[in-house]
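I opened this model to look up a few points of its architecture. These are my notes, in the order in which I took them.

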Amino acid sequence: MMLQYIGRRLIIAIPVLWGVTTLVFLMMHLLPGDPAELMLAESGGSSQSIAQLRHQLGLDDPLYVQYGRFLANALRGDLGRSIFTNRPVTQTILEQLPHTVQLAVAAMLVAATIGTTLGIAAALNRNTWVDSLCVTIAVAGASMPIFWSGLLLILLFSSLLHWLPATGQGSLKHLIMPAIVLGLASSGTIARLVRSSMLEVLGQEYITAARSKGLSERLVVCRHALKNTLIPVITVMGLQFGYLLGGTVVTETIFSRQGLGRLVVDAILWKDFPIVQGTVLLAAAVYTVVNLLIDISYAVIDPRIRYD
Amino acid sequence: MTKRRFPIPTRKTIPRREIPPLVTRRQLRRNKGALLSLAFLVVLTVVAILAPTLAPYDPLAVAVEEQLLPPSSNHWAGTDLFGRDIFSRLLFGARVSLLVGVVAVAIASVPGLMLGLIAGYNGRWIDGFIMRVMDMMLAFPGILLALSIVALLGPCLTNAMIAVGIAGIPNYTRLVRGSVLAAKRKQFVRAARAVGCRGWRIVFRHILPNIFAPILVLATLDLAWAILNASSLSFLGLGAQPPTPEWGGMLNEGRGYLRQAPWITAAPGLAIMLTVLSVNLLGDGLRDALDPRMRTRT
Amino acid sequence: MNRTKPASLAVITIVLVWILAACSSAPAVKGGKLIYGLTLTPSGIDPHVNASSELGIPLTSVYDTLVWQDLDGEFVPGLAESWDVSDDGLTYTFHLRQDVKFHDGTPFNAQAVEFNLDRIVDPQTKSQKAVFMLGPYDHAEVVDDHTIKVYLKEPFAPLLDSLSQVYLGMASPAAVEKWGIDYQMHQVGTGPFMVKEYVPTDHLTLMRNPDYNWASTIFGHQGPAYLEEIEFRFFVEPATRVLALEAGEAHVMGEIPPQDAQRLSDAPDFQLIPVALPGAPLQVFLNTERPPTDDLRVRQALIYATDRKAIVAAIFKNLSPAAYGPLNAVTIGYDEEVAGLYDHDPEQAKELLKEAGWIDADGDGLLEKDGQPLRVEAYLMGWGFMPEVAQLLQAQFKTVGVEMQSQVVAYPAALEAAREGKHNLIPFSLSSSDPDILRTFFHSDGGFNWAKVQDPRLDALLEEGARTLDPEKREEIYAEAQQIIMAEALIIPIRDYVNLNAASAQVKGLRYDSRGWFPWLYDVYLEESK
């Protein structure tokens with residue numbers, strides 16, 4: 001039965017992937033701008049040479065031909081070459097992917113740490129000032145625009161204190177500020193979820209039973225409550241990952257870091273079709289897989305949801 | 001069709017307890033944060049509407065001799081690169097941000113609501129189709145989708161609103177669909193159907209009031225999200241165009257002067273944060289008041 | 001034996017070092033690694049193929065060119081020891097040096113030159129700049145191993161200038177053939193530095209070429225370069241560039257924002273190196289085919305309404321001079337007469353607009369004619385301070401009653417809008433060491449003819465300027481062209497481009513070539529920090 005469920009979901013995922021790539025393909029070709037013109041612009045190429053370059057790049061074939069070519073190549077694993085750097089798209093993406101993943105994972109850790117701490121503190125001190133404070137801090141963190149918190153941290157730690165580098169990557173020092181900035185934005189959701197989840201768990205009967213057995217509060221919380229609190233939280237964190245990937249766009253811009261976010265934004269603005277198509281395909285695939293895993297874990301945990 | 005010989009249950013006769021109370025005053029009063037936020041937002045809205053009267057300077061008035069002045073009694077938030085008064089620009093920026101947020105939420109919620117209702121109520125292949133389309137939209141990280149739409153339509157405030165709005169549709173669709181599905185199983189809907197109430201009537205009379213609460217919460221939280229996203233787009237240069245005062249755009253302009261004139265970035269950033277924080281707290285308060293045990297998947 | 005040997009070795013080493021130290025004439029320190037900060041453009045880095053100036057900065061040290069241009073604009077021998085030009089200007093004969101080798105050991109000869117030129121003009125290469133720099137190039141002919149003739153279809157004055165740039169640098173035919181489409185990752189030239197490794201968007205590392213012995217006379221020394229390695233890193237954000245420099249993440253940084261320049265100039269640990277770039281200044285093109293800028297009087301009024309001194313002071317902190325014409329003041333052929341043509345005169349602007357029939361009918365401060373408001377549309381690109389300049393222009397235009405609406409668009413979108421003529425105003429700047437750049441902007445067939453000018457007089461002048469080899473005659477021709485451009489009010493000149501470079505005080509010997517962009521890193525050395 002389970003296999004059937006997974007199988008069904010996988011099959012559904014395929015048209016989604018196809019739909020996404022088609023959508024991106026269409027959008028890229030509708031965007032204003034012509035890559036051939038762009039490349040020859042500075043040298044003041046004549047309209048003749050622009051037309052020649054377009055032809056060489058295969059840009060003047062009818063849309064369905066270009067589309068077919070792209071699909072055929074993609075199925076073979078060849079995502080083409082970037083129009084501007086002329087390097088293979090797969091290679092370019094693989095070069096940038098680790099940086100983005102590094103940032104997203106670090107941010108996730110920051111978000112989980114801050115969020116869980118604040119959430120637990122709030123839940124354990126429900127309806128006191130501690131509760132309000134923690135929730136407010138968490139939500140405030142989530143309300144700060146990433147570009148603002150990033151600039152503030154740069155001003156403080158790079159410009160004034162000279163403790164941390166403002167740009168680049170390669171060491172832990174470079175990762176601290178971007179991870180904090182990005183993680184802070186996510187920690188709000190996690191904190192709220194941990195709080196409500198823990199409140200619900202704490203109200204359960206087995207907790208009361210544990211307490212009446214005389215176990216210390218700490219033991220009750222750590223051993224019994226925490227485990228069950230974290231299950232729904234972990235699934236939400238999976239979804240947050242997708243949001244984090246979006247947040248890397250602004251973060252990578254502010255901190256001049258390499259990564260897929262910047263790569264894709266530049267590619268969209270400069271109409272580097274192959275890069276955009278390749279990256280979106282990758283993002284959609286990741287999203288689909290993550291979604292599938294979450295759905296499966298939900299179905300495993302709660303059989304009632306299994307056949308929705 | 002045989003003549004019905006028993007009374008037809010209508011909305012009035014179906015037990016009211018199936019429709020949960022919206023908000024009780026006592027519940028909201030307990031959440032001081034939400035009340036404060038509401039007050040702040042009301043003040044903000046009033047200020048935004050009255051901006052032309054309240055602003056001490058014309059937000060577009062360039063006075064290069066007075067560039068980059070720190071906050072003083074003359075200029076409460078200092079001046080920017082062109083000598084424009086930042087405080088006045090903040091006030092006018094409030095208009096833009098609030099308007100953008102509200103319009104974006106409207107653009108997201110109305111189609112989202114309709115699509116969710118159709119998907120949830122009709123079921124089968126139309127449900128599958130709509131949800132697959134929503135999945136496709138969600139496969140894009142939100143800001144990339146918005147970015148692409150703006151790049152497509154041309155960078156300006158209106159298009160940024162539309163882009164942020166469209167990017168938000170899937171959340172509403174999912175929520176509404178889920179709620180509709182849950183409501184469909186409930187007794188009173190079955191009862192209504194059993195006595196032959198027509199589809200649309202059921203939807204509007206019975207289902208909608210039940211899902212109004214979670215939608216309101218989502219809309220409020222989405223408002224915060226929309227304001228953030230729109231200012232991000234302006235920060236990237238794809239939203240409000242200069243010289244329109246908009247908080248994200250103002251932050252972008254101040255980027256190169258971080259050390260010489262940090263107030264150019266500090267003021268609009270603070271404004272965005274306080275506004276988004278208030279909306280978030282209000283949304284949280286609503287959620288707690290409406291159904292403390294309500295769990296959404298977002 | 002074992003005990004005395006290390007001791008005597010040590011003594012010999014010490015003596016040798018002492019002798020060497022005493023013998024070196026310059027205090028130049030050999031060795032060290034320089035970190036140079038670049039910005040980043042999404043392009044490839046093959047100089048024959050790609051067009052960005054960013055690639056030229058590192059690669060100027062990797063490739064030698066047939067000729068070099070000294071800072072006075074004269075051409076001196078490079079890989080070519082001497083050259084002759086036929087009387088009709090169609091044939092150039094280059095006599096090449098015989099002692100030059102590529103980094104991969106293969107010899108540099110006339111066949112290599114022919115290979116390079118063929119590669120550039122081959123349509124398969126899809127050259128985006130180099131091929132256009134060759135102009136009316138026809139073909140090359142190898143006379144013997146060290147003599148090559150280059151044939152042109154027409155006389156082409158900018159040829160030597162083109163041949164002195166990295167885009168026409170000489171690459172090793174063996175390497176190009178070996179690597180094919182991936183040559184950009186493994187470039188081989190004859191220059192003082194070799195490519196050690198290139199990790200795209202991260203860094204490009206060069207290392208000293210120990211066999212380098214054919215430095216041109218424009219440089220300060222002969223033999224191998226001083227620096228052992230140079231690492232080019234990419235810093236995209238203008239706002240954090242200075243922070244990186246101050247934190248020691250780079251020794252040299254280009255394109256410093258003007259507001260940060262003063263701070264660096266004052267600091268004892270840093271030096272500011274402003275370089276005035278020749279070429280086209282930051283100028284706003286006025287579309288002559290789209291109302292209301294199709295009216296000469298309106299265009300002239302806009303120029304009169306512009307207070308460029310205020311712009312230069314407010315945005316560029318007076319680190320750039322104001323521009324008065326279509327060429328930067330340091331460009332060859334710049335006509336000083338254009339300076340007096342349009343001063344900041346709002347009254348004159350209002351007069352002209354009134355003459356053109358625009359009056360303020362409803363007292364709102366903006367002019368109208370036949371019910372149409374006086375509105376101009378500007379398309380701006382996001383770099384080069386264009387949005388900031390536009391905001392000031394908007395305010396200045398408002399004082400004479402003109403409303404300007406602007407949008408900031410990405411580069412490709414701006415190019416497309418400009419090509420379609422959707423704009424009234426579009427600012428741009430482009431550097432070039434030859435006044436032939438005017439042809440790109442103001443010839444009716446020019447790739448960037450954004451003023452949409454179709455003036456046969458101007459066309460003839462610009463074509464003549466490219467064909468005339470006599471420098472004095474060229475100056476006359478270009479002077480006339482500049483006068484016409486300003487008389488027709490095709491552009492609003494804003495400021496001359498000055499590239500603000502900054503370096504740590506340890507960096508010595510850094511000079512920039514006559515293009516202004518490309519550093520001569522061969523003579524650079526790092527002083528010991530005190």
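The entries below go through helix pairs, a sheet, a chain contact and some backbone details.

**Ground rules.** This is a predicted model, in which local features need pLDDT of at least 70 and side-chain atom pairs count only at pLDDT 80 or more, while totals for chains, interfaces and linings use all residues. Residues are numbered from 1 along each chain as its sequence is written, chains are lettered from A and ligands numbered from 1 in the order in which they are written, and side-chain values use heavy atoms, with hydrogens and water left out.

**Helix pair in chain A.** I looked up helix 5 (residues 89–124) and helix 6 (residues 129–143) of chain A, which pack at an angle of about 155° with their axes 8 Å apart. That makes helix 5 of chain A roughly antiparallel to helix 6 of chain A (angles over 145 degrees count as such). Helices here are DSSP runs of H or I with at least four residues, strands are runs of E with at least two, and both are numbered from the N terminus. Axes are lines fitted to C-alpha atoms, for helices over the stretch in contact, and angles run from 0 to 180 degrees between N-to-C directions. The crossing of helix 5 and helix 6 of chain A is left-handed (the near helix is turned anticlockwise from the far one by less than a right angle). On the helix 5 side of chain A, the contact is made by A:Leu118, A:Ala121 and A:Ala122; helix 6 of chain A brings residues including A:Val130, A:Asp131 and A:Cys134. Contact means heavy atoms within 4.5 Å. I noted eight nonpolar residues, no polar and one charged in this contact of helix 5 with helix 6 of chain A.

**Helix pair in chain B.** The axes of helix 10 (residues 247–254) and helix 11 (residues 263–290) of chain B come within 8 Å and cross at roughly 150°. Helix 10 and helix 11 of chain B are therefore roughly antiparallel to each other. Helix 10 of chain B passes helix 11 of chain B in a left-handed crossing.

**Sheet in chain C.** I found an open sheet of seven strands in chain C, with the order 8-9-10-1-11-20-12 and mixed pairing. Two strands pair if DSSP finds at least two bridges between them. The edge strands are strand 8 (193–199) and strand 12 (270–276) of chain C, each pairing on one side only. Strand 8 of chain C runs antiparallel to strand 9 (residues 203–208) of chain C, joined by six bridges. These two strands of chain C form a hairpin with three residues between them, and C:Thr201 in the turn has a positive phi of about 65°. Strand 12 of chain C is joined by seven bridges to strand 20 (residues 498–504) of chain C, and the two run antiparallel. C:Leu500 in strand 20 of chain C is the bridge partner of C:Pro274.

**Chain C against chain B.** I looked up this contact and found 19 residues of chain C and 18 residues of chain B.

**Backbone details.** B:Pro242 and B:Pro243 are joined by a cis peptide bond, with omega about 5°. B:Pro243 lies in the loop between helix 9 (199–235) and helix 10 of chain B. Another cis peptide bond joins C:Pro291 and C:Pro292, with omega about -5°. A:Ser256 has a positive phi of about 50° although it is not a glycine.

Note on methods
Parallel < 35°, antiparallel > 145°, perpendicular 65-115°, else oblique. Nonpolar A, V, L, I, M, F, W, Y, C, P; charged D, E, K, R; others polar.
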